[in-house]
Amino acid sequence: MDSCKLVLICEDSFDSIMTAVYDGWRYRNQGRVVELTVGQPFDADLFSEYQTVAADLEKAVKVAASIRKKISERAHIAVYQAAMHFAPDRAQAIFLFLTLAYQKGGSIMDDYGNPHVARLLALSRKVSNETHLFRGFVRFHDVSGVLVSRIEPKCNVLPLLGDDFADRFPGEHWAIYDERRKLAAIHPAGGEWGLVSQIQADPALSEQLEREGDYEKLWKTFFNTIEIESRRNPRCQRTMLPNWYRKNMTEFRT
Amino acid sequence: MESEHTITRLPKKAAVFSHQGVMPLEEKLRILTDAAKYDVACTSSGVERRGDGAHMGSAAACGICHTFAGDGRCVSLLKILLTNVCVFDCKYCINRASNDVPRAAFTPEEVVRLTLEFYRRNYIEGLFLSSGVIESPAHTMELLYRTLFLLREQYHFQGYIHVKAIPGAPPELIDLVGHLADRMSVNLELPTGEGLRQMAPHKTRKTILRPMRQIQQGIQEQRLELADCHGRYCPDRRADVGFKRRFVPAGQSTQMIIGATPESDFQIMKVAESLYQGYELKRVFYSAYVDVNHQLPQLTDSLLRETGGADGFYEKRGMASPPLLREHRLYQADWLLRYYGFAADELLSEEKPNFNVLIDPKCEWALRHLEQFPVEVNRADYYTLLRVPGLGVRSARRIVAARKHGKLEFADLRRMGVVLKRAQYFLTCQGKMLYATKIEEDFITRQLVADGRTELPPVEDGITFRQMSLFDDRSFFAEPDVESERSAAYGQL
């Protein structure tokens, strides 16, 4: 069995992917052909060995520290962002990048023409762009003094968003709920924010988020008035703000 | 106030104040948003400020767009007028004194409440406050000051604030406001003093340029005060020089109206260039003239007569609606001035005073300077790469960084995200072009125009602008290019 490909299956979390990188690196040094994948593969092939990797915090911390030390802080950020992407090959892209980067050092980040570097940067750029957009597109509703927002992002942007909102609204109780991942960022007024996973939203939440208060109405008035009719250009609007973002945005509710 | 003698009447003022307290906030917001929407700038960029850990607000240097209106423009700030009552009678402006439009006025407290509650819900990045001139420039500026003072000092709001300096307001007030705002702007309104005299009889070039100069000097002085002995910016010195906030940290901007008066693109670019160099502006915005007051036929007549005629200037431009494509070309050229090291004289001249409709200004420049092409990707310096059509700042930087790791091929360029659609005619990789193409003006022009056309989107309903229709004008739709899209996405338009 030693000569066949080894597929390491990890969970959808940064720690799990880092653990798989740790194990993968060891197997690779034993001469194995290693591939990483997130979640059960649909098309398991007959001649590969499959192994599930459980997240191991100790290993994950070691890998993260070694990226910062042996490659660069910039690489660490890029790897973290890439891990938040939804592409099934993200773990493999990270692994391929890291095997190369451990040899070449920090300057590898400038080698934009290298396919492994280019793939990793493409993944991280997508996540970083989506995070940036959500900094603007998150809409809070005042639910009895607590600011509540629901988002359905394609990438897992919540871990990257929390700091910005905590910095912006230090004195508010706020919560942002990622409905796709059942994940929430929760911030008590004056405290630290944190992530809570496997949240089951109260069925009443939807109703509360749709209730229109004074400021929701005023905001819609503003939004509908600010457009210059003689420059109307829905195509441009759609390019800048694709329809899927609009689902949870106050001004696009009818 | 030097403009005071020109004030003939205070229109609808009584009506406004009889409405006070009666008119619902929503109605006021509608009127004062509608009155503010022709202002171009809505950017929240230029200043990075982390929150203070206790009060609401922060600012991001890149700017953040919070939504996009139906005209495709980014909405980043709550853009409103404090009041649309105005003693001035500018012909291009919807709020001119002689217009019969509903008038309203916010109290400073109302603006503060709207700003804070919108900000709390993450609708906006901050406030963009402008105003019609109510009673006098000084009185108006004082109201603006009171609003900003409440936001910053009473509610400790840390978000972004852009405020207009009212021409003719006392310098002390402008100074006070500048220490509360992030960005200030004075509208140039029209590219030349002649145009201003025609369109805005109550404004003079002098009253506009004076506050602009004052803001520039304020920024300069502070730069000196905050510099250490090596001339480097040193924020720790802030306490020594005795003020809490920096003066206009995000710099100043201005805007001018395009297409209301018969200036050429060359004249406009020269004005923009001198504003960037002489006044150190962060941005000049161009606003395609929207004929809100149905002035154009009269205007065209009188202006053309008085300026000696411009040979069917408007007919050629078919000014039935805003000259959006012209505006787009000016923005492209503006980018070339600010980030690509071009001078206005390189792009246009007295003999060739206007931009081409079919190709962008950089392509146009390259086609007139084919002797400098093709450029070798592996050897050309950064500034030479920047001048290649289709290569932007990001692409040029990546090329310069990546080629340290080895010789680059076209496949490498593609992988690093360089778009070769236009660049392929001007580049070689290790001596070879992508395809066997001739470096010949006619050929490349044909290719560029054809490429542009196949990718032009269908014309949407309601878009009827046209300008210099040389061929079938359906294909002259101004589609934002990569730079404009990026800039718009990051709130820098």
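Into which domains is chain A divided? I found domain 1 (5–130) and domain 2 (136–252); bounds like these come from an automatic or database domain assignment.

Before going on, I noted that this is a predicted model, where local features need pLDDT of at least 70, side-chain atom pairs count only at pLDDT 80 or more, and totals for chains, interfaces and linings use all residues. Residues are numbered from 1 along each chain as its sequence is written, while chains are lettered from A and ligands numbered from 1 in the order in which they are written.

**Chain A: the two domains**

I looked up the centres of domain 1 and domain 2 of chain A, taken over C-alpha atoms, and they are 31 Å apart. Six residues of domain 1 of chain A are in contact with seven of domain 2 of chain A (contact: C-beta atoms, placed from the backbone, within 7 Å). On the domain 1 side I got three nonpolar, one polar and two charged residues. Here Ala, Val, Leu, Ile, Met, Phe, Trp, Tyr, Cys and Pro count as nonpolar, Asp, Glu, Lys and Arg as charged, and the others, Gly among them, as polar.

**Chain A: a helix pair**

Next I checked H3 (73–83) and H5 (115–137) of chain A, which pack at about 70° with axes 8 Å apart. Helices (H or I, at least four residues) and strands (E, at least two) are DSSP runs, numbered from the N terminus. The axes are lines fitted to C-alpha atoms, for helices over the stretch in contact, and angles run from 0 to 180 degrees between N-to-C directions. H3(A) and H5(A) are therefore roughly perpendicular (65 to 115 degrees). From H3(A), A:Ala78, A:Gln81 and A:Ala82 meet residues of H5(A), including A:Leu120 and A:Val127. I sorted the residues of this contact into six nonpolar, three polar and no charged.

**Chain B: overall, then the sheet**

Chain B has 20 helices and 10 strands. Of its 493 residues, 46% are buried (20 or more other C-beta atoms within 10 Å of its own, all placed from the backbone).

I then traced an open sheet of six strands in chain B, E3-E4-E5-E6-E7-E8, with parallel pairing (two strands pair if DSSP finds at least two bridges between them). E3 (77–81) and E8 (283–288) of chain B are the edge strands, each pairing on one side only. Neighbours in the sheet are turned by 20° on average, direction ignored. Zooming in, I saw E5 (160–164) and E6 (183–185) of chain B pair over three bridges, and B:Val163 stands opposite B:Met184 in E6(B).

Methods:
Contact = placed C-beta atoms within 7 Å. Buried ≥ 20, exposed ≤ 12 C-beta atoms within 10 Å, placed from the backbone. Parallel < 35°, antiparallel > 145°, perpendicular 65-115°, else oblique.
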